[in-house]
Amino acid sequence: MPKYYEEKEEDGRACAGVREDLRQCLLETPCVIQEGKSARQCLKEGHCRSLQVSFFECKRSMLDARARFRGRKGY
């Protein structure tokens, strides 16, 4: 589920909730904190895989013409 903050300004982009959760997940992994790798390297190694798939599905649903009727996937 998305983490909402009262003082956080709202992001109007598509899939903003999933994007923020993926960013937070990557920044909190031991790969970034202890090993000092970049978030991109940790993502390629397979960290936070479920959020990455959710973000991909949300972005892909934007291109799907049926999404006009069903709505975008994600939150």
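Is Glu-45 buried, exposed or partly exposed, and what is its relative accessibility? Glu-45 counts as partly exposed, because its relative accessibility is 45%. The legends below describe close-up views of a predicted model.

**View 1. Helix H1 and its packing partners.** Helix H1 covers residues 16-27, twelve residues in total. From its first C-alpha to its last, H1 reaches 17 Å, which is close to the 16 Å expected at 1.5 Å a residue. The buried residues of H1 include the run Ala-16, Gly-17, Val-18 and Arg-19. Glu-20, Asp-21, Leu-22 and Leu-26 are also among the buried residues of this helix.

View 2. Side chains of opposite charge can pair when their charged atoms come close. In this view, Arg-23 and Glu-20 form a salt bridge, and their closest N and O atoms are 3.0 Å apart. Both residues belong to helix H1, where they are three residues apart, or about one turn of the helix. Arg-23 counts as partly exposed because its relative accessibility is 39%. Glu-20 has a relative accessibility of 18% and therefore counts as buried, the cut-off for buried being under 20%.

**View 3. A network of salt bridges around Lys-37.** Glu-35, Lys-37 and Glu-45 are linked in a network of salt bridges. Lys-37 forms a salt bridge with Glu-35, with the closest N and O atoms 3.3 Å apart. Lys-37 also forms a salt bridge with Glu-45, and here the closest N and O atoms are 2.6 Å apart. Glu-35 is exposed, because its relative accessible area is 53% and the cut-off for exposed is over 50%. Lys-37, at 29% relative accessibility, counts as partly exposed. Glu-45 is likewise partly exposed, at 45%. A search of the whole structure finds four salt bridges, among them the bridge between Glu-35 and Lys-37 and the bridge between Glu-45 and Lys-37.

**View 4. Thr-29 in the loop between H1 and H2.** Thr-29 is found in the loop that joins helix H1 to helix H2. Thr-29 counts as buried because its relative accessibility is 7%. Which residues does Thr-29 contact, leaving aside its neighbours within four places in sequence? Thr-29 is in contact with His-47 and Cys-48. Although Thr-29 and His-47 are 18 residues apart in sequence, their C-alpha atoms are 7.6 Å apart in space.

Terms used
Residues numbered from 1 in each chain as written. Predicted model: local features only at pLDDT ≥ 70, side-chain atom pairs only at ≥ 80, totals over all residues. Heavy atoms only, no water. Helix = DSSP H or I, 4+ residues; strand = E, 2+ residues; numbered from the N terminus. Expected span 1.5 Å × (residues − 1). Buried < 20%, exposed > 50% of the residue type's maximum accessible area, 1.4 Å probe, protein only. Contact = heavy atoms within 4.5 Å. Salt bridge = Lys/Arg side-chain N within 4 Å of Asp/Glu carboxyl O.
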